[in-house]
Amino acid sequence: MATNPMQQFSVHKIGPEIKIAGIDLSFTNASLFMVISAASIALFLFLGTKEKRIIPDKIQLISEMLYSFVAKMISDTAGSKAKPYFPFIFSLFMFVLLCNMIGMLPYAFTVTSHIIVTLILALFIFIAVTVIGFMKHGFKYLSIFVPSGVPKVLLPLITVIEIISYLSRPVSLSVRLFANMMAGHTMLKVFGGFVISLGILGGWLPLGFSVALTGLEILVAFLQAYVFAILTCIYLNDALNLHH
Amino acid sequence: MELEAAKMIGAGLAAIALAGAGVGIGIIFGNYLSGAMRNPSAAQKQFPNLLLGFALAEATGLFGLVIALIILFAF
């Protein structure tokens with residue numbers, strides 16, 4: 001039995017050990033749940049777009065809602081120039097959302113509660129946005145570090161602060177998602193432990209809390225996926241529309 | 001002092017950071033509500049910004065919690 005609230009985050013191998021050039025590439029429960037989320041997204045959208053009816057059924061309606069939700073988010077925050085990046089942001093949003101939501105099921109593993117997963121996603125976004133910025137504007141892209149309308153005396157200081165804040169983007173983006181998911185799941189398990197330890201008499205209060213926290217965690221799971229996607233849009237907006 | 005005890009105290013101190021997150025979330029929701037009461041027609045449009053602010057404020061507190069958990073479990 002798992003008595004430690006951190007037990008749920010342990011990664012273990014499923015199936016045989018695979019080692020290629022000294023790197024452990026075994027299939028783990030983390031990879032299993034990543035495959036499950038990716039497969040369920042693909043299956044869901046395939047079923048949703050199979051029959052293109054004028055009066056949509058439920059599954060098509062949800063797919064269309066997801067599409068228009070992300071499309072509106074991109075056009076609101078990053079403008080029409082960000083249209084070509086819709087597939088990337090849509091898949092990013094869906095993947096993070098599904099990983100968070102599948103993690104809410106009992107006995108499931110939350111992929112996004114591991115810093116390495118979120119850090120790779122955030123680093124990918126960071127590098128991509130930087131490359132896009134340099135491709136669109138050349139060396140003029142460096143002017144995002146120099147905001148306009150700042151007094152000359154403050155300019156060196158502001159520039160250093162801007163560079164630091166730019167470089168800390170992947171860290172804050174990844175730690176935000178990871179910390180939210182990990183803290184929420186730890187909290188759920190701690191309250192679950194209170195239910196057992198207080199027994200049949202006192203256990204009802206933490207049980208009620210647990211139910212309320214599960215609701216909150218589902219909200220947070222959606223919200224963090226939304227924030228992850230919208231911050232990607234904001235970074236993309238900085239790179240595409242260069243006026244600070 | 002024993003290392004184990006020092007770890008516990010350090011983790012507890014790091015968790016104080018969550019107080020700031022509580023204050024921040026309270027300010028965000030309170031100000032949204034007072035703004036929405038004054039001008040209900042503009043409230044719906046600012047709802048995404050409310051959620052964004054909530055998530056950003058909550059995350060800063062959780063950074064402190066991560067430090068606490070690192071002290072407890074990683075060292």
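Biologist: At what angle do helix H2 (residues 58-78) of chain A and helix H7 (residues 204-240) of chain A pack?

Modeller: Helices H2 (residues 58-78) and H7 (residues 204-240) of chain A pack at an angle of about 40°, and their axes are 9 Å apart. Axes are lines fitted to C-alpha atoms, for helices over the stretch in contact, and angles run from 0 to 180 degrees between N-to-C directions. Helices (H or I, at least four residues) and strands (E, at least two) are DSSP runs, numbered from the N terminus. This is a predicted model, in which local features need pLDDT of at least 70, side-chain atom pairs count only at pLDDT 80 or more, and totals for chains, interfaces and linings use all residues. Residues are numbered from 1 along each chain as its sequence is written, and chains are lettered from A and ligands numbered from 1 in the order in which they are written.

Biologist: Which word describes how H2(A) and H7(A) lie to each other?

Modeller: Angles under 35 degrees count as roughly parallel, over 145 as roughly antiparallel, 65 to 115 as roughly perpendicular and the rest as oblique. H2(A) and H7(A) are therefore oblique to each other. The residues of H2(A) in this contact include A:Val70 and A:Met73, and those of H7(A) include A:Ala229 and A:Cys233. Two residues are in contact if their C-beta atoms, placed from the backbone, lie within 7 Å.

Biologist: Which residues have the most contacts inside the largest nonpolar core?

Modeller: A nonpolar core is a set of buried Ala, Val, Leu, Ile, Met, Phe, Trp, Tyr and Cys residues joined through C-beta atoms within 7 Å. A residue is buried if 20 or more other C-beta atoms lie within 10 Å of its own. The largest such core has 48 residues, and A:Phe93, A:Val96, A:Ala225, A:Phe228, A:Ala229 and A:Cys233 have the most contacts inside it. H7(A) gives the most to this core, with 13 residues. Leaving aside residues up to four places away in sequence, A:Phe228 touches A:Val96, A:Leu173 and A:Leu177.

Biologist: How many residues of chain A are in contact with chain B?

Modeller: In chain A, 11 residues are in contact with 10 residues of chain B. On the chain A side, H6 and H7 each supply at least two residues.

Biologist: Which elements does chain A have, and in what order do they run?

Modeller: Chain A has seven helices and two strands. From the N terminus on, its elements run β-β-α-α-α-α-α-α-α. Of the 244 residues in chain A, 26% are buried.

Notes:
Buried ≥ 20, exposed ≤ 12 C-beta atoms within 10 Å, placed from the backbone.
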